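Subject: The model, and the salt bridges in it

Hi,

Here is the structure I promised to send over. Please open it next to this email, and then read on.

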Amino acid sequence: MEDIFQWCREGNALQVRVWLDDTEHDMNQGDDHGFSPLHWSAMEGHIKIVEMLLARGAIVNATNRGDDTPLHLAAAHGHRDLVLLLLKHKADINFTNEHGNSPLHYACFWSYHDVAEDLVRHGANVMIANKYGDTPLDKAKGTQSKHLHDIAVDAGQDMKIIKFKDQSWLGYKTRSRDATLSRHRGININDLHKKDKLASTPSGDSYRGVWQKNEIVLKVLNIRNVTQRISRDFNEEYPKLRIFSHPNILPVIGGCNSPPTLILVNQYMPMGSLYRVLHESSGVVVDLPQALRFASQIARGMAYLHSLERIIPEYFLNSRHIMIDEDLTARINMADCKFSFQEKGRVYYPAWMSPEALSKKITDRNWEASDMWSFAVLLWELATREEPFPDLSPMECGMKIALEGLRVQMKPGISSHLSKLIKICMNEDAGKRPKFDMVVPILEKMQR
């Protein structure tokens, strides 16, 4: 597994591409110092590998143990083309590390004049003081300080020093993931330390816990009788949920097969589910721009799942099955997939399901089109901040959607563009619904 870091240091693009093609490989994992593959390739100046990693969904603002982002390393080593590429992918230009240094501090200290000018022209603040009271201008040598000062003034920057302690405006920090999270499949039940219960659903109970010093969620599947066959099927199916290769998918880290108990393990997400964020006073403000960001992230995750030739067990898209990371990234929870040995005929959340998914056999469904219908309901939920059909029981709701034409209704206040997209995604003719890779650019355009 550690070879990926060596390949990124060496610039071995072919090996990196082959490694990325395995969905179990986590491109956002860190080595012993928290350096992700993107950190190493940015530091060494391998732009082709950086492009490949970013295209596959590497987290551009991931931090190592010293809170350096890939942009810090590219700037510190004078890789101008990489700096511009990372900025194009929305790298946080004023992010500071544990010493209070921004990427501009390093570009100035090492006298990479072109890089420093590029950073200032793209919004790097020249007055951020580090832990020791030095701004980037203090680190600049010769005439560079005055030149950068003039560029900043022309750009309208406030030339008042921003002290080190005043950094609440910088936002969230996203550490590269502990590599142990992506290495393990089978987990010993004695190594799991269960804490408080987070949720109780028909498919199982979820608990907060600890495994190998990592905060995790343990989902104990609700299976009455774990037979030998069920135990075997579980071992065959849960590894398909270890999808580490996309930032909008929350993978299953591993499984614990200890009859009569079957457990799925994944990372703990402090914000909880999208359902909680929208409907249970989580404290997160979901305005239209944030709703569109969530929608775009979910669409990208679903587009990726649809590219994998349906390798996963049954999955039903709804807001309870979307988890929100601490940096407000929406991630599709693979632990909420339905296994082949779980109740086949039972539907838990029909309000998000398409009419054909509720009325047809599994073999007769167009899964991609059904997922798009569910996504349309999610869009409606994000736009209205309301739960679909909250007054109906699951059975009533499912029957009315499948047989009586019950549908969510567009409400005043929903933007015309979003309303039109919802209607397109909920086309009664399943064959006329768009694909997720068609919806992603539409949502991105709506965010501008």
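This is a predicted model: local features need pLDDT of at least 70, side-chain atom pairs count only at pLDDT 80 or more; totals for chains, interfaces and linings use all residues.

Residues are numbered from 1 along each chain as its sequence is written, and side-chain values use heavy atoms, with hydrogens and water left out.

I took a salt bridge to be a side-chain nitrogen of Lys or Arg within 4 Å of a carboxyl oxygen of Asp or Glu. How many salt bridges does that rule give? The count is 18.

Let me start with a pair inside a helix. Lys146 and Asp150 form a salt bridge, with 3.0 Å between the closest N and O atoms. Both sit in helix α10 (residues 144-154), four residues apart, which means about one helical turn separates them. (Helices are DSSP runs of H or I with at least four residues, strands are runs of E with at least two, and both are numbered from the N terminus.) Lys146 is exposed at 56% relative accessibility, whereas Asp150 is partly exposed at 31%. Here buried means under 20% relative accessible area, exposed means over 50%, and partly exposed is in between, using a 1.4 Å probe and protein chains only.

Arg320 bridges to Glu387, the closest N and O atoms being 3.9 Å apart. Arg320 is partly exposed, at 24%, and Glu387 is partly exposed, at 24% relative accessibility.

Then there is Arg433, whose side chain meets that of Glu356 in a salt bridge of 2.6 Å, N to O. Arg433 lies in the loop between α17 (416-425) and α18 (436-446) while Glu356 belongs to helix α14 (residues 355-359), so the pair links parts that are 77 residues apart in sequence. Are these two buried or exposed? Arg433 and Glu356 are both buried.

You will also find a salt-bridge network that links Arg80, Asp114 and Asp118.

Finally, have a look at Ile128, in the loop between α8 (113-121) and α9 (136-139). Ile128 is buried, with a relative accessible area of 2%. Its C-alpha atom is 19 Å from that of Thr143, 15 residues away along the chain.

Best wishes
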